[in-house]
Amino acid sequence: MAPQPSISEGLVTRPMVILFAVLLSLPLWIEAVGLYQYLGIEIAVWMIYALGFNLLLGYTGLPSFGHGAYFGVGAYAFGLVQLRLIESLWLGLAAGILAAMAAGALVAGLISHRRGIYYALMTIACAQVFWFVAVKWHSVTGGEDGLLNVARPALSFGILSASLRGNTALYYLAVAILGLTVVGLWRFVHSRFGKALQAIKQNEMRAGFVGYNVWLYKFLVFTLSAGIAGLAGSLFAMAQKSAYPDVMSLHSAGLVVMMTLIGGGFVSFWGPVVGTAVFFLARDLLGAFTETWLLWYGLMFMGIVLFKPEGVVGAWQDLVRRRRTAGATKETGSLSHHRG
Amino acid sequence: MEFVLHLAPHLLNGLSLGFLFALIALGFMLIIGVMELINLAHGSLFALGAYVAMVVIAPGASWWGPLGKWYVAQPLTLRYVLALVVAPVILAFVGMLLEICLRRTYGKDPLYGLLFTFGAAMVIEELIRIVWGSAEKFLQVPQAINGAFLVGGLIYSKYRFFAAASALLLILLVWLFLERTPYGAMIKAGAHDSEMVRALGINLKRLRLCVFGFGTALAAMAGIIIAPIWGLRPHVGVDAVIPAFLIIVLGGVGSFWGAVLAGVLVGLAVALTAVYVSEWSLLSMYLLLIAVVTFRARGLFGKKSILEV
Amino acid sequence: MAARHMSRRSFLQKVGLGAAGAGVAFYGPWKHNHVYAAKADKPLLIGLTTDASGQYGNSGEMERRGMLMAIAEFNKKGGVLGRQIETIHIDTETTPATGTRVAERMITRHEAAFLMGAVSSGVANAISLVAQRYGVIYLNSNSSSPTESGKDCHRVKFVWDGNGTNFGKATVLNAINAVGKNWVLFTNDYVWGHETSKSVRALVTQYGGKIVEEMVIPVGTRDFSSYLLKLQQIKPDVVNTAVGGDDIKALRAQVGQLGMGNKPAWVQNQQDWPDVYGLPLSGVFGIFGTTWYYKLDLPGVKEFVAQYQKMYPGVSIKVPGNVYYNGYMAARELLRAVERAGSTNNIKVIKELENLKVPAKDRMQHFDAYMNPATHQMQQTIYLATANDEAAWKKDNDDLFKVLAWSKPQDAEDTDAPKACKLEPYEATPSYEM
């Protein structure tokens with residue numbers, strides 16, 4: 001009986017602490033390495049987005065190529081609340097999450113009985129519909145010009161209140177929300193629900209036979225993932241002070257797929273986080289030297305799909321394992337089993 | 001009667017658009033049928049074909065020297081016909097290269113093939129952007145098919161007519177190839193039952209390679225024909241791959257005439273909605289797709305296929 | 001294998017540290033006004049937020065060249081305030097979201113002193129939101145939505161192009177009197193298209209005409225056949241097009257091919273030079289507005305054109321047009337304003353620009369130009385043009401236009417704009433000096 005690999009099931013794990021040490025100290029060193037604070041906000045926001053997305057791709061094996069739609073819906077909902085209703089952070093975030101969940105539920109209801117390629121195709125088509133509506137419904141969304149002048153409401157807890165107008169302040173809010181998301185999702189994927197999802201990924205039919213209500217699980221995880229995307233979208237709308245339809249485009253939705261996969265979303269909880277960091281650093285560091293960085297990134301993605309679908313984290317895990325079990329038999333990686 | 005007369009030009013418009021859509025979908029469908037693979041890079045290859053044709057017609061680079069000068073001085077019609085032949089051949093090689101890379105993903109979860117072609121689509125689009133820039137480019141067409149002609153007091157574009165006719169011709173040629181030649185029979189057999197094909201001694205690997213190349217060449221031809229209507233920019237590939245998907249699903253995977261009929265239906269839907277609610281006409285395509293997949297996933301004439309796994 | 005568990009104490013410690021850090025971030029004193037020591041020998045960095053791709057990629061390139069020309073002229077004379085001028089350019093891709101990101105980067109990472117460049121009003125709007133937040137002066141060189149000097153105006157933003165209302169005033173009354181009352185509107189589906197069509201609609205109604213139908217054209221349309229078919233069926237007197245960039249180029253090509261350029265009468269609100277250059281004469285149908293033409297019979301024009309050809313010998317557009325001109329003028333006037341103000345402090349330069357007056361000779365236009373301090377838009381001569389005579393065009397294929405008339409800026413002024421524009425007060429604008 002082989003020893004089980006150690007998966008920390010505690011509330012907070014070492015990788016989490018390292019991540020947050022890096023993120024919380026970012027404003028101190030970001031400018032010294034030649035980057036800028038706004039980038040930090042973007043990275044935090046997309047980490048939330050990618051983590052939610054990976055629930056679908058990595059944990060349940062559902063290819064959602066149109067996830068940008070829910071990110072965008074969240075951004076628009078947040079913006080509309082600030083512009084038309086009231087300048088309130090909590091109400092805005094709640095609206096973003098709920099609107100995105102509603103959109104996600106609508107789509108999930110239509111597609112959860114499918115899987116594989118039809119599923120992917122439907123997610124694209126539905127995302128295109130949302131994108132189309134966002135571009136055309138001028139009076140509500142501002143069309144291609146976007147929803148502009150979205151205020152950054154103050155962060156208030158009753159009597160205490162802090163302004164989020166500066167990029168650094170907003171960054172810390174984003175990191176705080178990222179923290180909650182990370183802890184929450186960590187618990188979630190280690191719960192019974194999470195295990196059921198992984199069973200569905202391995203073999204949907206078998207999971208059904210064993211007694212899981214596969215349709216319901218797929219429906220719920222899609223809706224949840226959409227809600228998290230909506231949360232990220234709301235934060236992004238705050239960062240940009242506007243909401244645009246182009247996050248809903250196929251190109252943009254494809255980016256999150258690539259990020260997640262390259263990072264190692266198929267095998268690790270931290271895949272999306274690593275992948276997001278890699279993408280943005282590539283964009284701003286490589287992009288400063290060459291306009292063709294996206295080409296190299298895409299080629300890297302293709303290479304990883306062919307040769308190492310476990311991604312960066314998967315490669316790292318192999319390295320660690322090989323060092324640890326030097327001399328012992330090599331274990332072959334399995335994409336269907338998620339490690340921490 | 002007045003109503004029909006009023007609608008007639010739009011119907012014609014829709015019909016011609018439909019044939020063009022069907023042509024785009026054809027190459028896509030062959031690949032799905034035989035390879036059991038969704039080639040998301042179909043749209044980018046479509047665009048690349050048009051760009052390569054543009055280069056064949058007007059090389060532009062001065063480093064061709066005196067040879068280049070002589071070449072550009074030749075009549076446009078000659079160069080255009082040359083492009084119609086050369087560009088699809090070049091693209092067929094590109095397609096075959098893709099297929100060779102894809103071999104690693106056979107037997108694994110079809111998701112990998114999907115992701116790989118998705119990556120390929122982005123990479124090809126970026127390549128186009130790097131080589132030719134993002135600005136709008138023009139594909140020159142011979143004067144003979146350019147311009148306008150009058151029918152019943154209304155002006156129609158000669159080129160659109162030519163494009164639709166070419167599309168129809170190509171569709172018929174492909175059908176003839178599939179039905180009346182031994183190679184076509186092999187392709188149809190491979191689509192139906194690849195195991196049996198291999199058992200019968202046909203080199204399945206080579207068959208797949210050729211089909212991928214053929215499908216890509218068709219995509220390139222579609223690109224060359226449609227480019228003067230849709231414009232030539234790196235992103236035009238996405239505008240092609242979504243309708244292709246829709247048509248395949250609507251017509252039913254594996255059904256040739258299903259795809260053609262579906263193409264015509266989609267073309268008519270887009271053209272007619274453009275008359276009444278012009279801004280939302282493209283949306284009709286997506287709504288149609290969603291409705292069909294939700295209620296009748298096999299489409300009009302489809303059989304059970306890889307897509308339903 | 002012991003589970004890597006975090007003990008409760010160390011967990012609480014780490015959370016506490018994190019919370020303390022966050023607390024400082026939220027409640028600490030944050031300076032909103034940045035004042036940096038501007039060394040006399042530190043070069044002045046100007047951020048060029050022009051499009052290099054997308055619908056307005058061609059125009060973006062032209063206006064960038066205009067700006068670089070003006071900057072080169074200043075650098076030859078020793079720079080501005082004794083400092084050499086450097087530029088940084090990032091493609092805004094005719095996409096508002098990219099515009100936001102580019103502006104943030106240029107200001108926070110590169111510490112650009114000023115930002116300039118825009119053809120798409122959507123992008124200009126997005127950039128100016130970011131610029132206003134930091135207090136960085138932003139020159140909207142070429143985007144002409146009436147809202148840019150109306151409800152989307154900002155204290156730091158200055159508009160250098162004529163807008164849809166200016167051109168509308170010049171074109172509409174003429175067309176109603178000369179051609180007819182039944183109009184169809186072609187509207188490009190974004191802010192410039194919508195706002196321009198809105199103001200044209202108001203003008204047409206004011207002068208006794210009627211809008212029979214408005215067709216909305218999505219950005220990126222290449223195939224206009226269904227719109228043209230509908231047009232043939234409606235048979236209006238005039239078609240007013242608020243369509244720009246690559247779209248208008250494609251529309252012109254198709255209408256020219258179909259021979260529809262004469263009937264109905266076409267009015268293009270404003271025709272940018274890069275979008276018509278290279279078309280055959282049949283594609284230059286209708287009448288249209290512009291702010292400048294390279295064959296105007298005015299002093300300085302020939303030299304200006306020659307300078308362009310000297311600095312940019314290999315480019316496909318062989319003579320400059322209004323887009324290049326607007327970019328040049330915007331950059332030149334900004335640098336002159338900085339010289340007059342004696343510093344790069346944003347409030348000082350803004351005050352200089354608000355009172356700007358440029359004589360006609362200096363503008364190479366027929367009338368003096370002046371900045372409207374209430375809307376921050378430059379008021380200038382508006383030209384009406386149409387396609388040149390065939391004989392003249394055969395002599396010189398670049399000479400596409402025949403200038404018909406020119407209006408005084410006062411006559412073409414957008415009188416609604418000052419009501420809609422609410423500039424942020426000086427006190428609310430952070431001070432910025434690089």
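Helices here are DSSP runs of H or I with at least four residues and strands are runs of E with at least two, numbered from the N terminus. By that count, Glu125(B) sits in helix α5 of chain B, residues 110–132.

Some ground rules come next. The model is predicted, so local features need pLDDT of at least 70 and side-chain atom pairs count only at pLDDT 80 or more, while totals for chains, interfaces and linings use all residues. Residues are numbered from 1 along each chain as its sequence is written, chains are lettered from A and ligands numbered from 1 in the order in which they are written, and side-chain values use heavy atoms, with hydrogens and water left out.

On the confidence side, the model comes in at ipTM 0.81 and pTM 0.81. Chain C has an average pLDDT (the predictor's confidence in each residue, from 0 to 100) of 85, and 90% of its residues score at least 70. Residues 1–7 of chain C fall below 50, and that stretch has seven contacts (heavy atoms within 4.5 Å) beyond near neighbours in sequence. Residues 9–38 of chain C also stay under 50, with 33 contacts beyond four places in sequence. Where pLDDT is low, the predicted coordinates should not be read in detail.

Back to chain B, which is made up of 12 helices and two strands. Read from the N terminus, its elements go α-α-α-α-α-β-β-α-α-α-α-α-α-α. Out of 309 residues in chain B, 57% are buried, where buried means under 20% relative accessible area, exposed over 50% and partly exposed in between (1.4 Å probe, protein chains only). Taking contacts in chain B between residues at least 6 apart in sequence, 76% link residues at least 24 apart. Glu125(B) itself has 9% relative accessibility, so it counts as buried. Setting aside neighbours within four places in sequence, Glu125(B) makes contact with Ser44(B), Pro234(B), His235(B) and Val238(B).

Chain C has an open sheet of seven strands with mixed pairing, in the order β8-β7-β9-β10-β11-β15-β16; two strands pair if DSSP finds at least two bridges between them. The edges are held by β8 (210–217) and β16 (401–407) of chain C, each of which has a single partner strand, so one side of each has no neighbour in the sheet. From one strand to the next, the twist averages 25°. Angles are taken between N-to-C directions and run from 0 to 180 degrees, with axes as lines fitted to C-alpha atoms, for helices over the stretch in contact.

Helix α6 (residues 191–206) of chain C packs on this sheet, where it touches β7 (182–188), β8, β9 and β10 of chain C, and its direction is at about 165° to that of β7(C). Helix α7 (residues 225–234) of chain C lies across β7, β8, β9 and β10 of chain C as well, at about 170° to β8(C).

Within the sheet, β7(C) and β8(C) are parallel and share seven bridges, with Asn188(C) opposite Ile217(C) of β8(C). Six of the seven residues of β7(C) are buried, so β7(C) is largely enclosed by the rest of the structure. Strands β9 (residues 238–242) and β10 (residues 265–270) of chain C also run parallel, joined by four bridges. Asn240(C) has Val267(C) of β10(C) as its bridge partner, and Thr241(C) has Gln268(C) of β10(C). Since five of the six residues of β10(C) are buried, β10(C) is largely enclosed by the rest of the structure too.

Gly168(C) belongs to helix α5 (residues 164–178) of chain C and, at 0% relative accessibility, counts as buried. Not counting residues up to four places away in sequence, Gly168(C) touches Leu203(C) and Asn269(C). Between Gly168(C) and Leu203(C) there are 7.3 Å from C-alpha to C-alpha, although they are 35 residues apart in sequence.

Thr344(C) is found in the loop between α10 (322–341) and α11 (346–354) of chain C, and its 5% relative accessibility makes Thr344(C) buried. Beyond neighbours within four places in sequence, the contacts of Thr344(C) include Leu44(C), Leu81(C), Arg83(C), Phe114(C) and Met434(C). The side chain of Thr344(C) also reaches the backbone oxygen of Met434(C) at 3.4 Å.

Definitions and conventions: Polar contact = N/O pair within 3.5 Å; in protein donor to acceptor, adjacent residues only side chain to side chain.
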